[in-house]
Amino acid sequence: MSLTLFSPSSSLFSSPKQNKWIPRLGSTQFVSINCQRSFPICYVAGGNASSVDTVELRTELDAVSSFSEIVPDTVIFDDFDRFPPTAATVSSSLLLGICGLPDAKFMSAIETALADGECLELEKARERLSCFSNKALVNVGAELAKLVPGRVSTEIDARLAYDTRGIIHKVHELLKLYDQLEVSTQRLLFKIPSTWQGIEASRLLEAEGIQTHLTFVYSFAQAAAAAQAGASVIQIFVGRIRDWARNHSGDPEIEAALKRGEDPGIALVKKAYNYIHKSGLKTKVMAAAVRNKQDLFSLLGIDYIIAPLKILQSMKESITYPDEKYSFVSRLSPASAKMYQFADEELVKWNQLSLAAAMGPAAEELLAAGLEGYSAQSQRLEEFFGKIWPPPNV
């Protein structure tokens, strides 16, 4: 039950004045450090009480958060205190997780959905279960909107991935429900698979002022087409691309990156970012499925980085010094993007045929696997609702 939570750097640390004992690098002497803020200026007193040095200390997480918005990939029930979220994603997977926990925080929102009169009046079981799912997604999404100041991203059923009209209809259904609960459109994103039909749905929805979040981006063609469509956010899975490259061959885009000595997942994120900024497009880039600290350091400057809690906790506990052996520098910026060179065939106006021709085997296989997994979750949710309906105590 993984829930993506968005947390800006300013909310991750809020510590009172404290004294800490830590060793200085290259010395066995311990020093008393009086730190007053999360990006502290610390006064370090050594063996000579009259000798006081001013040393700026900060955590690795502070450092990387000054370049990119770090997005904890967390479970809301366990990690709200450690990593306070400012936005969230609601999905079939999350709803299944809520239903699987005793006394879960949002279970009442789901039970209310299962008792909804409009859904109960539907004669066909499939339509009734779909109605329950919509209501449950929105009820939980509305509760999350009360808890976080940022946007709530609502996942669109992956079974609609190749149906532009179906995606748009589903988004409008969900928007109507959110409006009934007085959740503003500006507080919402809709998470859509980056098939051509999903990209086209994003274009039409963005033209209406509805913000979209395109996921399962595994190729430059998808990223460029999504940005041209005006998607608010695109999500690229760094680690999944790397995993595919380790076990397969024959993808021209991946092999070109490897020939340059680059990690193919990192390379795609950088290329997408540079394309968007060089073209003057509005889309933000989110790097997901990062596997280690080096992934984060290589992507500093990107809009969002989703990172596992294990990595974030490690960085939160690691102090950095001004004279450390490595430094934190921005790897991506709008200024550097202007210098990036693209081939003529990459600067085309993308359409369905050119997208299909440019997507290599990695993107095709990874997209298909992602859609299969998300579709299975939606199916499981409806089957579960069918088993527990009507809910107890309603």
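User: Is Glu382 buried or exposed in this model?

Analyst: The model is predicted. Residues under 20% relative accessible area count as buried, and Glu382, with a relative accessible area of 11%, is therefore buried. Glu382 lies in helix α18.

User: Which residues does Glu382 touch, not counting residues up to four places away in sequence?

Analyst: Leu129, Ser130, Ser133 and Arg159 are in contact with Glu382 once residues up to four places away in sequence are left out. As for Arg128, its C-alpha atom is 9.4 Å from that of Glu382, although 254 residues separate the two along the chain.

User: How should I read the packing of helix α18 against α4? Where do the two helices meet?

Analyst: A general point comes before the case. An α-helix has 3.6 residues a turn, so residues three or four places apart point the same way. In α4, the contact residues are Ser92, Ser93, Leu95, Leu96 and Cys99. On the α18 side they are Gln377, Ser378, Arg380, Leu381, Phe384 and Phe385. By class, this contact has six nonpolar, four polar and one charged residues.

User: What is the geometry of the crossing of α4 and α18?

Analyst: The axes of α4 (residues 92–99) and α18 (residues 361–388) come within 8 Å and cross at roughly 40°. The crossing is left-handed.

User: Which elements do the buried residues of α11 pack against?

Analyst: Helix α11 spans residues 238–247, and its buried residues are Val238, Gly239, Ile241, Arg242, Trp244 and Ala245. They pack against two strands, β12 (233–237) and β13 (284–288). Their helical partners are α12 (252–259), α13 (264–279), α14 (293–298) and α18.

User: How many aromatic pairs does the structure hold, and how is such a pair described?

Analyst: A pair of aromatic rings is described by the distance of the centres and the angle of the planes. The structure holds nine aromatic pairs. One of them joins Tyr340 and Phe342, with 4.6 Å centre to centre and 50° between the planes, a tilted arrangement. Tyr340 is partly exposed at 26% relative accessible area, whereas Phe342, at 12%, counts as buried. Elsewhere, ring pairs link Phe216, Tyr218, Phe237 and Tyr374 into a cluster.

User: What is the mean pLDDT of the chain, and over which residues is the pLDDT below 50?

Analyst: The mean is 84, and 79% of the residues reach 70 or more. The pLDDT is below 50 over residues 6–55, a stretch that has 106 contacts in the model beyond near neighbours in sequence. Where pLDDT is low, the predicted coordinates should not be read in detail.

Conventions
Residues are numbered from 1 along each chain as its sequence is written. This is a predicted model: local features need pLDDT of at least 70, side-chain atom pairs count only at pLDDT 80 or more; totals for chains, interfaces and linings use all residues. Side-chain values use heavy atoms; hydrogens and water are left out. pLDDT is the predictor's confidence in each residue, from 0 to 100. Contact means heavy atoms within 4.5 Å. Axes are lines fitted to C-alpha atoms, for helices over the stretch in contact, and angles run from 0 to 180 degrees between N-to-C directions. Helices (H or I, at least four residues) and strands (E, at least two) are DSSP runs, numbered from the N terminus. A crossing is left-handed if the near helix is turned anticlockwise from the far one by less than a right angle, and right-handed if clockwise. Ala, Val, Leu, Ile, Met, Phe, Trp, Tyr, Cys and Pro count as nonpolar, Asp, Glu, Lys and Arg as charged, and the others, Gly among them, as polar. Rings of Phe, Tyr and Trp (its six-membered ring) pair if their centres lie within 6.5 Å; planes under 30 degrees apart count as stacked, over 60 as edge-to-face and the rest as tilted. Buried means under 20% relative accessible area, exposed over 50%, partly exposed in between (1.4 Å probe, protein chains only).
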